[in-house]
Amino acid sequence: MQAIMETIFDSLYLPTVIILGFMMIKKAKGQKQFLLYGIMAVTLGFGDSFHLIPRSAALLTTGLENHVAALGIGKWITSVTMTVFYVLLYHVWRERYGITGKKQVTAAVYILAALRIALCFMPQNAWTSPDAPLSWAIYRNLPFTALGIIIIALFYKSARENNDTAFSKLWLTIVLSFGFYIPVVLFSDAFPLVGILMIPKTCAYVWTVVIGFQALRKNDQGKRIRQSREKSRKN
């Protein structure tokens, strides 16, 4: 049952975020914030596929314990691409709210991202081992969590200050994603059932992508209405 349910969920999730991402890239038309958002969504989908597709294959065949190396490599790739995802989201924030300067914030984002990626490359992670150490899972997720907290604070503050209803809940999607992810990192080895939290965590990321897609559609609709009004005035 787990194999079937996870496979169905992943077969819906991955195409959804990738398709929405490509649609945003296509429809961005010079709007950098939506171009970045589309690239971000595609990065999320393709990055997660390196972990989720081997996981589904393992569940449907001989079990997770017989595909440790493939799953570990996929998890490693996903860890790196998720870091890129948040760096792109940071630049979406800068573009959407017309942020200039803030060199210290930019430096913090890039330092934390670089540290996270560097830690992911350390051999002590033992990605392909069935006994990967919990300590290194914690080490590599500390800068990742700090990066997430910065992004949460930035979007929460800017959305409120600019009365940005389209992005008013984006900070919450990130809070939820980390809220579901951290228990998995800490307790899934001892309590495998905790791993089910990855499903709502993934749903939070889908919500993040949908927020950007809906904002793009709303923006396009606003442009069409303004163009229609201008034509009416001329006539």
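How far does helix H1 reach from its first C-alpha to its last? In this predicted model, where local features need pLDDT of at least 70, side-chain atom pairs count only at pLDDT 80 or more, and totals for chains, interfaces and linings use all residues, residues are numbered from 1 along each chain as its sequence is written. Side-chain values use heavy atoms, with hydrogens and water left out.

Helix H1, residues 2–27, reaches 37 Å with its 26 residues, close to the 38 Å expected at 1.5 Å a residue, the expected span being 1.5 Å times one less than the number of residues; helices here are DSSP runs of H or I, at least four residues, numbered from the N terminus.

H1 and helix H2, residues 32–60, pack at an angle of about 160°, with their axes 8 Å apart, where axes are lines fitted to C-alpha atoms over the stretch in contact and angles run from 0 to 180 degrees between N-to-C directions. H1 and H2 are therefore roughly antiparallel, a term used for angles over 145 degrees.

Let me turn to the salt bridges, each defined as a side-chain nitrogen of Lys or Arg within 4 Å of a carboxyl oxygen of Asp or Glu; the structure holds four. One of them joins Glu 6 and Arg 55, with the closest N and O atoms 2.8 Å apart, and this pair links Glu 6 in H1 to Arg 55 in H2, 49 residues apart. Glu 6 is buried, at 16% relative accessible area, whereas Arg 55, at 21%, counts as partly exposed; buried means under 20%, exposed over 50%, and partly exposed in between, with a 1.4 Å probe and protein chains only.

Key
Helix = DSSP H or I, 4+ residues; strand = E, 2+ residues; numbered from the N terminus. Parallel < 35°, antiparallel > 145°, perpendicular 65-115°, else oblique.
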